[in-house]
Amino acid sequence: MSTTQRVGRTAAPPSRVRDQAREAVALVAFSAATACGLALALLLLMRLGSQG
């Protein structure tokens, strides 16, 4: 068996703190938008249920 390694492959450079912070802010914004959307949907369902 041959055990050759690719010479051209190197590990990806580590992410910068700025990139990690941007990703964290995007995750928080997405989570907040999802939570607000679900809360509004449940509120709408409750209102429609109480009218009928």
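**Figure 1. Arg22, an exposed residue.** Arg22 is exposed in this predicted model. Its relative accessible area is 52%. That counts as exposed because the cut-off is over 50%. Arg22 belongs to helix α1, which covers residues 17-51.

**Figure 2. Asp19, the partner of Arg22 in a salt bridge.** Asp19 has a relative accessibility of 29%. This residue therefore counts as partly exposed. Buried would require under 20%.

**Figure 3. The salt bridge between Asp19 and Arg22.** The closest N and O atoms of the pair are 3.3 Å apart. A salt bridge needs such atoms within 4 Å, so the pair qualifies. Side chains of opposite charge can pair when their charged atoms come close. Why are Asp19 and Arg22 separated by about one helical turn? Because they sit three residues apart in helix α1. An α-helix has 3.6 residues a turn, so residues three or four places apart point the same way. The structure holds one salt bridge.

**Figure 4. Helix α1 from end to end.** Helix α1 has 35 residues. At 1.5 Å a residue, the helix should span 51 Å. The C-alpha atoms at its ends are 51 Å apart, which agrees with that expectation. The number of buried residues in α1 is zero, so the helix lies largely in the open.

**Figure 5. The protein as the setting for these views.** The protein has one helix and zero strands. Of its 52 residues, 0% are buried. The protein exposes about 5400 Å². Carbon and sulfur atoms supply 65% of that area.

Key:
Residues are numbered from 1 along each chain as its sequence is written. This is a predicted model: local features need pLDDT of at least 70, side-chain atom pairs count only at pLDDT 80 or more; totals for chains, interfaces and linings use all residues. Side-chain values use heavy atoms; hydrogens and water are left out. Helices (H or I, at least four residues) and strands (E, at least two) are DSSP runs, numbered from the N terminus. Buried means under 20% relative accessible area, exposed over 50%, partly exposed in between (1.4 Å probe, protein chains only). Accessible areas come from the Shrake-Rupley method with a 1.4 Å probe; for residues, only the protein chains shown count as cover. A salt bridge is a side-chain nitrogen of Lys or Arg within 4 Å of a carboxyl oxygen of Asp or Glu. The expected span of a helix is 1.5 Å times one less than its number of residues.
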